[in-house]
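Subject: Structure for you to look at

Dear colleague,

I am passing on the structure we spoke about, and below it you will find my notes on what turned up when I went through it. Please read them with the structure open beside you.

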Amino acid sequence: MAKQGWDEFEIGAMLRTFEGKIEDIAGTNQEDRAYSQNSSFVASVADWRIAKPVFNKDFCIDCQFCWIYCPDVSIISRDKKMIGVDMDHCKGCGICVEVCPTNPKSLLMFPEKADEETELAAWPTKNKETI
Amino acid sequence: MSEMKKIKNLKEFSTSADRFEGANLLCPGCAHSIIVREVLNATNDDLILSASTGCLEVCTAVYPYTSWDASWIHIGFENGSTAVAGAESMYKALKTKGRLKQPDRNPKFVSFAGDGASYDIGFQWISGCMERGHNMMHIVLDNEVYANTGGQRSSSTPIGSSATTSPAGRVSYGEKRNKKDMVSIMASHHIPYAAQVAPNKWKDMVKKIQHGFSVEGPVFINAVSPCTTEWKFDPKDTMHMADLATDSLVFPLYEIIDGHELNITYRPKDVIPVEEYLAAQGRFKHLFKDEYKYLIKEWQERVDANWAYLNRREAARV
Amino acid sequence: MAFDKIQLKDIEVWDGNHAAAQAMRQCQIDVVAAYPITPSTPIVEGYAKFLADGYIEGEFVMVESEHAAMSGCIGAAAAGGRVATATSSQGFALMVETLYQASGMRLPIVLNLVNRALAAPLNVNGDHSDMYLGRDSGWIQLNAYCPQNAYDLNLIAFKVSEDHEIRLPCMVHQDGFMTSHTAQGVYTLSDDAAYGFVGEYKPMNDMLDFEHPVTHGVQTEEDWHFEHKARQHNDLMVKVMPKIQAAFDDFEKLTGRKYNIVEKYDMDDADVCVVCMGSSVETAREVATEMRAKGIKAGVVGLRVIRPFPFFEIADALKSVKAIAALDRSSPNGAPGMLFNEIAGALFNTDTKALLSGYVYGLGGRDLTKAHLVSLFTELQANVDAGKVTTSLQQFIGVRGPKLSFL
């Protein structure tokens with residue numbers, strides 16, 4: 001965000017998360033919130049990643065382990081279903097892949113520059129030895 | 001009293017709308033934010049939050065960005081607990097005087113702080129908050145080290161850990177003193193609830209946080225927070241590290257009600273040897289040299305003794 | 001309302017501490033977080049007794065240290081309500097970290113600082129060492145000379161501090177024991193009149209507004225920190241004095257008691273004058289009048305506002321005088337005194353040819369006697385007569401042993 005002069009911001013270095021009023025934050029999903037320019041929600045840490053998770057919904061059982069253990073609020077679950085990864089906020093730690101219980105895993109790490117379609121097409125099959 | 005949020009299972013929990021945001025500056029794989037999410041998502045009530053200076057604070061409120069969707073305050077290293085106590089006092093005052101803007105809300109007051117900010121520099125402030133009976137919860141994100149400043153020892157750093165101010169070296173095995181039993185100290189304030197939690201045991205965590213929110217008076221929570229940077233393990237292994245911590249009983253999960261009723265809340269089916277917990281972390285690497293292997297044995301004995309102590313307390317209802 | 005009012009007499013006999021406690025009661029503070037320390041303790045005790053007797057509604061939090069007292073005040077102020085506390089000396093020193101946080105976060109808090117020396121050696125009596133310790137902390141500092149001032153300035157402090165264009169914390173200073181424990185007649189306002197003057201607290205950026213969550217106490221590094229500090233300094237330099245003046249004007253209309261940013265006494269035709277603070281101002285006025293009877297045209301300038309420093313008001317008050325004594329009641333520890341430096345700065349680019357000399361006095365509660373002031377005024381007149389400063393620029397007065405002077 002643009003750097004302002006000394007007379008252009010609120011006193012006390014205070015920050016507002018939302019534009020205007022929000023009545024029920026805990027009852028409002030992120031896509032329905034009016035975030036201000038000062039919420040880190042509008043920022044991106046995508047450039048931190050050297051590896052990225054790719055989600056294969058064909059094997060997902062919606063157990064939500066990836067949702068609960070994601071440190072970066074980057075597993076998007078709606079209506080009890082895992083629907084994808086927020087690639088602006090994912091730092092590529094790989095926890096989601098580690099905690100994924102399916103066989104084969106529904107999430108795997110690939111180099112940041114890997115092509116998602118290609119990786120999905122070449123997804124590993126069930127591994128009987130290491131469940 | 002508002003109704004407790006119903007969280008029967010993980011699928012139901014996953015419908016929570018997070019009030020903590022990504023693009024914060026915590027390390028990839030940091031357990032702090034996993035704990036914070038589990039805590040905040042345990043309730044739908046409004047929240048008034050604080051963080052003492054430390055990793056969580058410096059990574060979530062660096063101007064011009066905030067990662068907090070509820071009102072949040074940071075003052076200093078030692079006084080995050082008192083900041084929330086002050087806010088809670090103002091809430092009570094304005095409630096009495098009928099000046100709350102939204103009088104029907106039922107806010108929860110929570111202060112987060114690291115082990116340095118809780119066991120060491122903020123100890124007196126937290127003790128004061130617990131003693132005075134504020135309706136608040138203090139949560140320690142216990143990674144057993146001053147991680148934010150680069151890995152100096154705190155009074156939560158365990159024996160044999162190599163920290164930058166108690167480094168392992170040619171003639172030293174690192175930290176010489178065992179960590180402070182903070183949960184017992186805080187429970188000795190005879191607060192209504194004190195507990196130890198771990199992020200891998202999310203259901204135990206949520207149950208305890210909800211219990212803490214349901215009681216009147218101060219609550220103390222010690223949460224083990226595996227630190228990829230200072231414990232020296234791969235960021236993807238954070239939850240594995242938490243599993244090792246709870247299942248080796250290095251971090252037993254228990255609660256103390258009113259200072260005199262201890263319940264063990266998690267009994268691992270297969271207890272893992274402490275050696276496995278130590279071996280998984282770079283900070284203990286030097287203990288596997290021949291001359292320090294006796295320390296691993298002592299570690300196991302210490303953990304066993306503590307587990308026996310907790311079991312004795314539970315059996316005796318004290 | 002679930003508390004009772006108190007019917008005050010028009011004039012009550014109060015010491016400075018009780019005057020401050022009464023003003024705090026009348027302001028209907030929402031949260032007081034405090035820790036006792038001599039000589040400010042009776043303010044905290046007085047407030048506690050009002051609470052115990054049902055004359056106050058609100059939270060009184062007796063914390064475990066002064067640092068926690070200000071920490072609690074910061075949390076409470078950020079939550080959104082009227083907040084105050086009191087302290088002295090070592091307790092104030094322990095608070096210093098949080099003073100900068102309170103002002104940097106732009107939170108209105110009123111702190112009654114009953115001035116006392118700083119150890120070592122330990123001393124419970126009045127000097128201005130703690131006041132000086134706070135002077136770069138970004139707070140407004142108002143200075144009481146007597147219990148009446150302590151009462152009045154508390155009311156004014158809330159009004160200025162809480163103004164949405166200001167939002168800066170404010171200290172009200174009074175001298176330990178000399179003012180805090182000396183009972184005098186104090187003209188009172190009724191509870192309604194006092195509260196009416198201060199007004200209802202108007203929240204701003206309040207954490208307890210759940211529909212507008214706010215983040216307080218962020219980190220700013222080299223790319224933002226300077227701008228935020230510059231903003232705070234700007235507001236102190238530009239916005240505060242007019243608000244203080246407006247509050248003084250309103251207060252005069254209400255009570256007939258007139259306060260000025262710089263208090264001038266017999267300065268219209270003065271040749272010599274002293275500039276000082278606290279209870280010494282009243283002593284100096286008495287001696288100045290006596291000097292006039294001896295043919296020395298003496299005057300006194302007292303600072304009512306210490307921060308922001310009344311740079312132009314001081315220069316104006318001193319523009320016609322020929323010799324000035326700056327009286328600092330705090331050991332400068334290796335420099336000229338604060339007042340000496342500030343006055344020199346205020347006069348340096350003006351046309352004045354006034355002779356400025358500094359005096360360090362009264363440390364640890366040592367009395368400033370009338371005899372000291374008589375010889376001081378006499379020295380100033382000698383400087384005028386000689387057309388130069390005939391003494392060292394810095395002299396210690398009232399200390400035993402060989403004459404101590406520097407510069």
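**Strand pairing in chain B**

Ala195(B) stands opposite Glu255(B), a residue of E9(B). Please keep in mind throughout that this is a predicted model. The two strands concerned are E7 of chain B, residues 193–197, and E9 of chain B, residues 254–257, which pair in the antiparallel sense over three bridges.

**The sheet they belong to**

Both strands sit in an open sheet of ten strands with mixed pairing, whose order is E1(A)-E9(C)-E2(B)-E1(B)-E3(B)-E4(B)-E8(B)-E7(B)-E9(B)-E10(B). At its edges are strand E1 (15–16) of chain A and strand E10 (261–264) of chain B, each of which pairs on one side only. Where chain C joins this sheet, its strand E9 (residues 214–216) pairs with E2(B) in the parallel sense over two bridges, and His216(C) in E9(C) is the bridge partner of Ile73(B).

**Where chain B touches chain C**

Contacts between these two chains involve 40 residues of chain B and 39 residues of chain C. On the chain B side, the elements that give two or more residues are strand E2 (71–73), helix H4 (80–97) and helix H6 (123–132), and the largest share, 14 residues, comes from H4(B). By residue type, this side of chain B divides into 21 nonpolar, twelve polar and seven charged residues.

**The two domains of chain C**

For chain C, the domain assignment gives domain 1 (11–255) and domain 2 (262–406), and their C-alpha centres lie 28 Å apart. In the contact between them, 26 residues of domain 1 of chain C meet 19 residues of domain 2 of chain C. On the domain 1 side, helix H5 (129–133), strand E6 (140–143), helix H8 (225–238) and helix H9 (240–255) of chain C are the elements that give two or more residues, with E6(C) providing the largest share, four residues. The residues on this side of domain 1 of chain C divide into 14 nonpolar, nine polar and three charged.

With best wishes

Conventions:
Residues are numbered from 1 along each chain as its sequence is written. Chains are lettered from A and ligands numbered from 1 in the order in which they are written. This is a predicted model: local features need pLDDT of at least 70, side-chain atom pairs count only at pLDDT 80 or more; totals for chains, interfaces and linings use all residues. Domain bounds come from an automatic or database domain assignment. Two residues are in contact if their C-beta atoms, placed from the backbone, lie within 7 Å. Ala, Val, Leu, Ile, Met, Phe, Trp, Tyr, Cys and Pro count as nonpolar, Asp, Glu, Lys and Arg as charged, and the others, Gly among them, as polar. Two strands pair if DSSP finds at least two bridges between them.
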